[in-house]
Amino acid sequence: LMVNSNYYAMDLLYVLPTHIQAARAGNTVHAILLYRRKLDREEIKPIRLLGSTIPLCSAQWERMFNTSRIPGEETDTIQHMRDSKHIVVYHRGRYFKVWLYHDGRLLKPREMEQQMQRILDNTSEPQPGEARLAALTAGDRVPWARCRQAYFGRGKNKQSLDAVEKAAFFVTLDETEQGYRTEDPDTSMDSYAKSLLHGQCYDRWFDKSFTFVVFKNGKIGINAEHSWADAPIMAHLWE
């Protein structure tokens with residue numbers, strides 16, 4: 001999927017609300033979840049083609065969240081959950097399960113920021129085999145399908161993989177700084193694009209409907225899996 005099928009979207013080039021990584025992550029995760037709530041309540045109006053009165057079919061929106069592509073030896077399948085109350089956050093080789101609600105109430109941006117800051121401040125080391133696990137989603141599908149069957153079919157590994165695959169979406173708190181730099185536009189845009197397209201190859205979960213990336217300097221972007229919908233669907237959320 002990586003670089004061949006998945007695509008990416010960048011942040012606004014000239015606008016940066018904050019350089020604080022946790023604040024940008026908290027605010028944007030909250031905003032994305034407000035969009036999900038609108039989607040669940042069927043409050044998003046169907047898109048009309050330019051100058052047309054005919055609305056486009058909205059079926060593609062259905063699997064934007066709580067969705068993962070599952071590798072298979074013959075063919076991949078799409079697993080979609082009706083709801084998900086957590087996200088999975090990747091930082092410095094470690095995976096964190098972050099709950100999105102407290103007493104049935106969606107966490108506020110500030111509360112979400114505090115969760116992100118706790119992850120950034122956490123100095124624990126990755127468990128054996130944890131740091132580069134997502135590389136399995138970057139390579140060929142058949143070895144990943146067999147590996148998933150052999151090593152993630154039961155016990156703790158299955159629970160951990162379930163947490164990732166059943167998350168609302170995947171978040172990476174990236175350790176690099178990206179974005180457009182006027183003094184070196186070509187190199188900076190190249191670096192930004194490549195980071196969103198493949199990163200380190202093990203710090204994006206390429207099977208998730210989308211991976212939301214927050215860079216160290218507060219810039220953001222997404223890497224999206226292509227099979228569940230066309231790119232304009234993702235673009236609607238992003239805009």
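Reader: Quick one to start: are Phe-170 and Trp-205 buried or exposed?

Author: Phe-170 is buried, and Trp-205 is too. Buried means under 20% relative accessible area, exposed means over 50%, and partly exposed is in between (1.4 Å probe, protein chains only). Keep in mind that this is a predicted model, where local features need pLDDT of at least 70, side-chain atom pairs count only at pLDDT 80 or more, and totals for chains, interfaces and linings use all residues. Residues are numbered from 1 along each chain as its sequence is written, and side-chain values use heavy atoms, with hydrogens and water left out.

Reader: OK, on to the rings. How many aromatic pairs does the structure hold?

Author: There are 12 aromatic pairs. Rings of Phe, Tyr and Trp (its six-membered ring) pair if their centres lie within 6.5 Å; planes under 30 degrees apart count as stacked, over 60 as edge-to-face and the rest as tilted.

Reader: Why is the pair Phe-65 and Phe-210 edge-to-face?

Author: Because the ring planes of Phe-65 and Phe-210 are at 75°, with the centres 5.7 Å apart. This pair links distant parts of the chain, 145 residues apart: Phe-65 is in the loop between helix 1 and strand 2 (67–70), and Phe-210 is in strand 9 (residues 210–214). Helices (H or I, at least four residues) and strands (E, at least two) are DSSP runs, numbered from the N terminus.

Reader: And what's the relative accessible area of Phe-65?

Author: Phe-65 has 2%, so it's buried. Phe-210 is buried as well, at 0%.

Reader: Back to Phe-170 and Trp-205: what kind of aromatic pair do they form?

Author: A tilted one, with 6.1 Å centre to centre and 35° between the planes. Phe-170 lies in strand 8 (residues 170–173), while Trp-205 is in the loop between helix 5 (185–197) and strand 9, 35 residues apart. Both belong to one aromatic cluster, together with Tyr-90, Tyr-95, Trp-144 and Phe-152.

Reader: New topic. Which residue does the UniProt "active site" annotation cover?

Author: His-226, according to the unreviewed UniProt entry. UniProt positions are given in the numbering used here, feature names are shortened, and annotations may be inferred rather than shown by experiment.

Reader: Where's His-226, then?

Author: His-226 sits in the loop between strand 10 (220–224) and helix 6 (231–238). His-226 is partly exposed, with a relative accessible area of 30%.

Reader: What's it in contact with, leaving aside neighbours within four places in sequence?

Author: Ser-5, Asn-6, Tyr-7 and Ala-231. Contact means heavy atoms within 4.5 Å.
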